[in-house]
Amino acid sequence: MSDHEELESLVAPWVLGALEPGESEIVRTHIDGCPTCRDLAGRLSRVVGEIPVAVDEVAPPARLRERVLSAASAPQVAAAPVAISRRPAATSRPARRPRVIPVYAAAAIALLALIAGLLAAEAVRAPSPPAQLQATRFTLTGHQQMSGAQATVIDDRADGLVLVDFRGLPQPGDGRVYELWLIRTGSNPLPVGTFVPDSTGAKIVLVDHSLSGYSVMAVTNEPGPAGSPAPSQQPQLYGNLA
Amino acid sequence: MLGDPGRAEDAVQEAFMNVWNRASTFDPERGSIRAWLLTAVRNRSIDYLRGRGSREREERELQSDSAQALSPSDPWREVALSLEREAVRDAMASLPSEQRQVVELAYFGGYTQNEIADMTRVALGTVKGRMRLALEKLGSYLRGRGLVDV
């Protein structure tokens, strides 16, 4: 058996996580440079990704939400027991960004709720486009008084999940909030949520609305806490959704 | 997988903390958030399993029948997920028992291919071959149901 054949025979165990760490790293390195094995790994990985769906959903207890929130809000989160993996990480862990801890905690909780029981899925679906085509990023850019602000929109259509990660927002002012809008040509802007950034100007917002059919996402400063039914000013943070 | 609700909660918590710490590395080009989170939770569970004694692991059930289903908040979603689950279970059931066994031992049991070869008393090459065949058959079955592409 050639070296390639030997390594190819390890692709199925690799996608199932059934290799020792050293073997796994060898296979990973080979796959990076071998289109044939990379295609095979991608194909088999999509199959493995369906296996957990066979397991019954279990509703997570309410206390788990509190545990995750508490752990995420703790000042020494880096000490959380996350270092026992026997698998090499796909990428090295980046430096922590303490300033965004609260918002990522909120995002984690939102995601926890969304995948309650770990296996929430939208379904038995018609043949869908490849997973790598189902999540898209857009950028919102600040102008004028919000020129230092920016946001990244992650549209994960596979999960019906839209997250907006804001950075560098100025405080909206006493009694004021930021309001997020979806805009399409010929229609009134659709309000999809209000929020106040943390003290560093960061915030992750979960948008409970599909972006389909909308061309622009924008943010305005509105009276709090409920915001306005229609924007009261020209947006100074916005971006195209295409 | 873990046979212990407390351990399962630990695994979920640690997986979410790991995801949180690596949130900036999420790359939508490589897959969905759902897949990322499920993989993180599964990998953390496997880490727990591999940190336990083999004797304890052998006594563990691979699947729990006592799991209580999530109360449906969306009837359509519940029905769709139920159908998807049924299709994946049918696909698993369609496998020859020796192929299903290696997949279950690896995916849900967290055993390595060497451990599976020892446990099932078959050659390592046979284990690798069964894994490949099992995943190819699952893929073929699931493609026919529109659950996986390519």
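Modeller: Helices are DSSP runs of H or I with at least four residues, and strands are runs of E with at least two, both numbered from the N terminus. The model is predicted.

Colleague: How many helices and strands does chain B have?

Modeller: Chain B has seven helices and zero strands. Read along the sequence, the pattern of chain B is α-α-α-α-α-α-α.

Colleague: How much of chain B is buried?

Modeller: A residue is buried if 20 or more other C-beta atoms lie within 10 Å of its own. Of the 150 residues of chain B, 43% count as buried. B:Leu38, in helix H2 (residues 33-50) of chain B, is buried because 22 other C-beta atoms lie within 10 Å. The C-alpha atom of B:Leu38 is 9.5 Å from that of B:Val12, although the two are 26 residues apart along the chain.

Colleague: What share of the contacts in chain B with a separation of 6 or more joins residues 24 or more positions apart?

Modeller: That share is 64%.

Colleague: Which residues have the most contacts inside the largest nonpolar core?

Modeller: They are A:Val11, A:Leu16, A:Leu44, B:Ala106 and B:Met131, in a core of 39 residues. At least two residues of this core come from each of helices H2 (11-15), H3 (21-33) and H4 (35-48) of chain A, and from each of helices H4 (75-93), H5 (97-107) and H7 (124-144) of chain B. H7(B) gives the most to this core, with seven residues.

Colleague: Which residues does A:Leu16 contact, leaving aside its neighbours within four places in sequence?

Modeller: A:Leu16 is in contact with A:Val48 in its own chain and with B:Val103, B:Ala106, B:Tyr107 and B:Met131 in chain B. Another core lies apart from the largest one and has 22 residues, among them A:Met146, A:Val162, A:Val164 and A:Val205.

Colleague: At what angle do H4(A) and H7(B) cross?

Modeller: Angles of 65 to 115 degrees count as roughly perpendicular. The axes of H4(A) and H7(B) cross at roughly 70° and come within 9 Å, and the two helices are therefore roughly perpendicular to each other. Their crossing is left-handed.

Colleague: Which residues of H4(A) and H7(B) meet?

Modeller: From H4(A) come A:Arg43, A:Leu44, A:Val47 and A:Val48, and from H7(B) come B:Leu135, B:Leu138, B:Gly139 and B:Leu142. By type, the residues of this contact are six nonpolar, one polar and one charged.

Colleague: How far apart are the axes of H5(B) and H7(B)?

Modeller: Their axes are 8 Å apart, and the helices pack at an angle of about 95°. H5(B) is therefore roughly perpendicular to H7(B). H5(B) brings B:Glu98, B:Gln99, B:Arg100, B:Val102, B:Val103 and B:Ala106 to the contact, while H7(B) brings B:Val127, B:Arg130, B:Met131, B:Leu133 and B:Ala134. These residues divide into seven nonpolar, one polar and three charged.

Colleague: Turning to a strand, where is A:Gly142 found, and is A:Gly142 buried or exposed?

Modeller: A:Gly142 belongs to strand S1 (residues 135-142) of chain A. A:Gly142 is buried because 22 other C-beta atoms lie within 10 Å.

Colleague: Which residues does A:Gly142 contact, leaving aside its neighbours within four places in sequence?

Modeller: The contacts of A:Gly142 are A:Ser147, A:Gly148, A:Ala149, A:Gln150, A:Gln236 and A:Leu237. A:Gly142 and A:Tyr238 are 96 residues apart in sequence, yet their C-alpha atoms are 6.6 Å apart in space.

Definitions and conventions:
Residues numbered from 1 in each chain as written. Chains lettered and ligands numbered in written order. Predicted model: local features only at pLDDT ≥ 70, side-chain atom pairs only at ≥ 80, totals over all residues. Core = buried A, V, L, I, M, F, W, Y, C linked by C-beta atoms within 7 Å. Buried ≥ 20, exposed ≤ 12 C-beta atoms within 10 Å, placed from the backbone. Contact = placed C-beta atoms within 7 Å. Axes fitted to C-alpha atoms, helices over the stretch in contact; angles between N-to-C directions. Parallel < 35°, antiparallel > 145°, perpendicular 65-115°, else oblique. Left-handed = near helix turned anticlockwise from the far one by under 90°. Nonpolar A, V, L, I, M, F, W, Y, C, P; charged D, E, K, R; others polar.
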